Amino acid sequence: MFCRFTSSTLFSSHRETPVTSLGRLVLSIWLFVVLIVNSSYTASLTSILTIQQLSSPIRGIDSLISTNDRIGFQAGSFAENYMIEELNIPRSRLGLDSPEEYAEKLKAGIVAAIVDERTYIDLFLADNCGFQVVGDEFTKSSWGFVSISHHT
């Protein structure tokens with residue numbers, strides 16, 4: 001009863017129902033098309049709204065440098081010298097981490113991002129799906145950094 005009322009209200013004028021088999025077939029196809037269009041619209045809208053909530057305030061190395069947030073790197077890597085000498089980031093903003101501590105330090109807010117070689121970042125992301133790479137690689141040596149996905 002409910003389906004009949006809904007379909008007749010939406011697709012038939014003055015509650016006229018299809019009488020022939022061909023009319024019922026056309027109505028069934030029309031209902032299916034409307035269902036697909038409606039589902040597609042809902043999925044697109046949900047995706048747009050979700051992506052806005054998942055975006056990080058850090059857009060790349062330039063936005064990371066312009067903040068006063070702490071930056072993590074793997075102890076013993078070339079990242080420390082690179083960030084101090086090439087990017088002019090004060091040593092006081094840098095924190096030592098091991099790859100095992102990346103997730104813990106990012107989630108706790110101790111560091112805003114991790115700067116490391118892209119290979120190590122990819123290995124970290126393979127086991128930790130709550131994080132993302134943001135921005136482009138910023139050297140020829142395939143450096144990258146990772147930031148936590150912010151859920152609001």
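## A quick tour of this structure

Let's start at helix H4, which covers residues 79–86: Ala-79, Met-83 and Ile-84 are buried there. Looking down the axis of H4, those buried residues fall within an arc of 120 degrees, so they line one face of the helix. Bear in mind that this is a predicted model.

**More on helix H4**

- Turn to the face of H4 that points away from its buried side, and you'll find the exposed residues Glu-85 and Glu-86.
- Just past the end of H4 sits Asn-88, which takes a positive phi of about 55 degrees.

**The aromatic cluster**

- How many aromatic pairs does a search of the whole structure find? It turns up 2.
- Take Tyr-102 and Phe-124: their ring centres are 5.5 Å apart and their planes sit at 70 degrees, and since anything over 60 counts as edge-to-face, that's what this pair is.
- Tyr-102 belongs to helix H5 (residues 102–108) and Phe-124 to helix H6 (residues 118–127), so their pairing ties together parts that are 22 residues apart in sequence.
- Are Tyr-102 and Phe-124 buried or exposed? Both of them are buried.
- Phe-124 also pairs with Phe-131, with ring centres 5.3 Å apart and planes at 45 degrees, so this pair is tilted.
- Put together, Tyr-102, Phe-124 and Phe-131 make up one aromatic cluster.

**A nonpolar patch on the surface**

- Over on the surface, a nonpolar patch is formed by Leu-22, Leu-25, Val-26, Ile-29, Trp-30, Val-33 and Val-37.
- Together, these patch residues have about 690 Å² of accessible area.
- Where does Trp-30 lie? You'll find Trp-30 in helix H2, which runs through residues 21–54.
- Trp-30 has a relative accessible area of 46%, so this residue counts as partly exposed, given that exposed means over 50% and buried means under 20%.

**Strand E3 and Ile-114**

- Ile-114 is part of strand E3, which takes in residues 113–117.
- With a relative accessible area of 0%, Ile-114 is buried.
- How far apart are Ile-114 and Val-133 in space, C-alpha to C-alpha? The distance is 9.6 Å, for two residues that are 19 residues apart in sequence.

How values were computed
Residues numbered from 1 in each chain as written. Predicted model: local features only at pLDDT ≥ 70, side-chain atom pairs only at ≥ 80, totals over all residues. Heavy atoms only, no water. Patch = residues over 30% accessible without salt bridge, like charges linked within 9 Å, V, L, I, M, F, W, Y side chains within 5 Å. Areas by Shrake-Rupley, 256 points an atom, 1.4 Å probe, with all protein chains shown as cover. Salt bridge = Lys/Arg side-chain N within 4 Å of Asp/Glu carboxyl O. Helix = DSSP H or I, 4+ residues; strand = E, 2+ residues; numbered from the N terminus. Buried < 20%, exposed > 50% of the residue type's maximum accessible area, 1.4 Å probe, protein only. Phe/Tyr/Trp six-rings, centres within 6.5 Å; stacked < 30°, edge-to-face > 60°. Arc of directions from axis to C-beta.
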